[in-house]
Amino acid sequence: MLREVLFAPFSDFEFMRRALAAVIALSLGSGPIGVFLMLRRMSLVGDAMAHAILPGAAIGFLLSGLNLFAMTTGGLVAGFAVALLSGLVSRSTGLKEDASLATFYLASLALGVTIVSVKGTNIDLLHVLFGNILAMDDPTLLMVATNATITLVVLAVIYRPLVVESVDPLFLRTVSRAGAPAHLIFLGLIVVNLVNGFQALGTLLAVGLMILPAGIARFWSRDVTPMICIAVTSAIVSGYVGLVLSFQTRIPSGPAIILVASLLYLGSVLFGRVGGVLPQLFPGRHLEA
Amino acid sequence: MAQLQFRDVTLGYDRHPAVHHLSGDVAEGALLAVIGPNGAGKSTLFRGIVGLLKPLAGSIAAAGLKPREIAYLPQIADIDRTFPISVFDFVSTGLWRSVGIFGGIGAAARDKIAQAIAAVGLTGFEGRGIGTLSGGQMQRLLFARVLLQDARVIVLDEPFNAMDSKTSSDLLRLIEHWHGERRTVLAALHDMDMVRAHFPQTLLLAREAVAWGPTAEVLTTDNLAQARRMCEAFDDAAAPCAPAQSSKAA
């Protein structure tokens, strides 16, 4: 019985296997990115970027219909443009990054929704907004995996400057010129992973697999490295459980995955070892020294 | 030999000078106190030395050293103390110049890091997150990183602000140790007794250099009174500074 519920969907149906592969790849890339977004207090920046991708994807849709490749390319171009422009604006003027990004993404989102609704139907709009992880064809799956691989490799390269820039940007500026490039590359990685999540979860929820696992990780560790591992693991678990849930109950897959992640997050808020509600209520007796 | 040369340098913000037409040399191995009222341009001068601020005019030469090879302890550190990084890892970033982005941190480097942590009296704190440190412990931590940077020139911006006497004297001993190693050390300070007792050279700054030389000759009542009279505010209607003032006067 249990076996039927947990494994049969994947052994019986290829589209479920593809979905699972996609969600694992997504988790590997999005987990670490989400942790850095959270530590740099950029969680909502991720959200804003997700919206900024929309007009690019919409133009892709306009040119070639519901073609994943065209929409992804468009999304990448739009995302990079917004990331670079807002990064440059905040680095070269006094405007804080959040403010500069907010202006760009609002314009982007309005433009994107306009383009989709002029050309397509409401169903198209739904697909763009919420994605469909159960419709992964070969090229899309390959692209999701490639993007995850790129993310991990590039992150390994910029890891040290990224960490130092997050802790002590002034110090990094006095010892190295790597800060600005690391910052911009990181913004680029956010875009790559959002476009990745976009296929599976849509523009509105793509950021979910970044932010929720990172939030979960924060409640279980005080160190970056374990945090990243916990974030990736909880993203994979959410993906798997979400897919099973969606298969058995007909809840749409994207929301199911994010709902499971939200439940894990709720559990972490309550029981998390580092600053969770219950451990704070019952901390045990104080120590001698 | 001059380690730092200020050649008629003017540093400032939005064309308003905060350090105005400063000229002079800091000898190699000098231990120089930079004093002056708030807003006198001490931090601005330091930011210029380490290359965070481009001069509006004139230049600063560091005898072949790149600005990045100068260790700098800022007055207002821009450190995110909520970031989950341990004391050991934080101090290890002081090795940046030798390990860079990809270099490994081997056994020898780990020894050096442990020694730096011990030198500032933070042994036992290695595994703690930097968010758990007190203000004084944080300052010790920053000194450990400067120590590890192993720089020929060290610039300390008000390093003893809000430090208790034990911390100050511990860190002061470290500065004298650097002086003994013939490193060039510049420190912005407000404690005149400390300057008299430990710093052979003093620069009294009040946007312009009021006096610069042996500490006893600089710290006169007249000089200090003159520095206090400096007007802090920028004048929005100020005319462009005439080029003649210092160079062409001769």
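Student: In E2(B), which residue is the bridge partner of Gly12(B)?

Tutor: The partner of Gly12(B) in E2(B) is Pro17(B). This is a predicted model, in which local features need pLDDT of at least 70 and side-chain atom pairs count only at pLDDT 80 or more, while totals for chains, interfaces and linings use all residues. Residues are numbered from 1 along each chain as written, with chains lettered from A and ligands numbered from 1 in the order written.

Strand E1 of chain B, residues 2-13, is joined to E2(B) by 8 bridges, and the two run antiparallel. Strands are DSSP E runs of at least two residues, helices H or I runs of at least four, numbered from the N terminus; pairing takes at least two DSSP bridges. In chain B the order E2-E1-E4 makes an open sheet of 3 strands with antiparallel pairing. E2 (16-27) and E4 (57-61) of chain B each have a single partner strand, so one side of each edge strand lacks a neighbour in the sheet. Direction ignored, neighbouring strands here are turned by 20 degrees against each other on average.

Helix H1 of chain B, residues 42-49, lies across E1, E2 and E4 of chain B, at about 120 degrees to E1(B). Angles, from 0 to 180 degrees, are between N-to-C directions of axes fitted to C-alpha atoms, for helices over the stretch in contact; contact means backbone-placed C-beta atoms within 7 Å.

Between the chains, the contact takes 18 residues from chain B and 19 from chain A. On the side of chain A that touches chain B, helices H9 (138-167), H10 (169-175) and H13 (224-249) of chain A are the elements giving two or more residues. H10(A) gives the most to that side, with 6 residues.

Key:
Contact = placed C-beta atoms within 7 Å.
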